[in-house]
Amino acid sequence: MSLSVPLADANILVSRTLRDCFVYAAKAGALQIHWRQSILDEMSRSLRAKFAFTESDTAVLELGLSEYLPRALVETRKRDHEIVEHVVMDAKDRHVLVAALSAKADVLLTNNTRHFPRDWMAKRGIELLDADSLLGLLAVEHPHELREAHRLTVARSPKTKEEILATLESQIGKEITDAVRAVVTPS
């Protein structure tokens with residue numbers, strides 16, 4: 001059984017390591033990943049500001065993501081905008097919560113969990129997870145798909161397997177990276 005996950009915050013997509021891990025895990029069938037155009041726009045702005053990507057670079061990345069996972073893009077519904085309009089939360093992240101409702105997601109993935117109304121979401125069947133929590137869940141519940149996602153990440157990256165795991169450790173910590181390492185490293 002797969003999870004439904006809108007990539008709720010651009011901070012997940014900005015990191016190539018996290019983006020690749022979750023996108024390839026979705027392609028392998030571990031989860032159904034979703035985002036809306038405003039999330040891709042935010043990702044692209046961050047990549048241009050922080051990593052000197054050009055507009056052409058980010059356009060190519062957005063197109064690549066859309067072609068690789070054509071069902072990931074969510075069109076939001078007016079009623080979902082209306083539902084979220086008065087929720088007490090960080091206003092700049094409302095579009096992410098709207099996307100979660102429109103995608104009928106059971107998980108919203110972000111590394112800015114403090115920006116989202118956990119109790120409000122739980123009442124609507126949406127669990128709030130950060131990257132390390134979801135990777136830990138994938139390591140336990142979808143080890144084959146996580147292994148395949150890591151294989152694809154390594155195959156398409158200029159970094160080695162160990163460099164990718166080191167980057168992952170710097171982003172999500174040693175404990176979860178060790179759980180991922182145990183799944184992706186042959187014994």
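## The second largest pocket

The second largest pocket holds about 290 Å³ of space, a volume being the space filled by probe spheres set on grid points that are joined across faces, edges and corners. A pocket here is an open set of points on a 1 Å grid over the protein atoms alone, where a 1.4 Å probe fits, with protein on both sides within 12 Å along at least five of seven lines, and its lining residues have an atom within 4 Å of a point. Of the 13 residues in this lining, Arg19, Asp20, Tyr24, Leu61 and Leu65 lie nearest the centre. Two or more lining residues come from each of α2 and α4 (55-68), and α4 gives the largest share, six residues.

## Basis of the model

This is a predicted model, in which local features need pLDDT of at least 70 and side-chain atom pairs count only at pLDDT 80 or more, while totals for chains, interfaces and linings use all residues. Residues are numbered from 1 along each chain as its sequence is written, and side-chain values use heavy atoms, with hydrogens and water left out.

## Helix α2

Helix α2 covers residues 16-27, helices being DSSP runs of H or I with at least four residues, numbered from the N terminus. Ten of its twelve residues are buried (under 20% relative accessible area with a 1.4 Å probe, protein chains only), among them Arg19, Asp20 and Tyr24. After α2 comes Gly29, whose phi is positive, near 100 degrees.

## The largest pocket

About 440 Å³ of space lies in the largest pocket, and among its 24 lining residues Val14, Ser15, Arg16, Leu47 and Phe51 are the closest to its centre.

Definitions and conventions. Expected span 1.5 Å × (residues − 1). Buried < 20%, exposed > 50% of the residue type's maximum accessible area, 1.4 Å probe, protein only.
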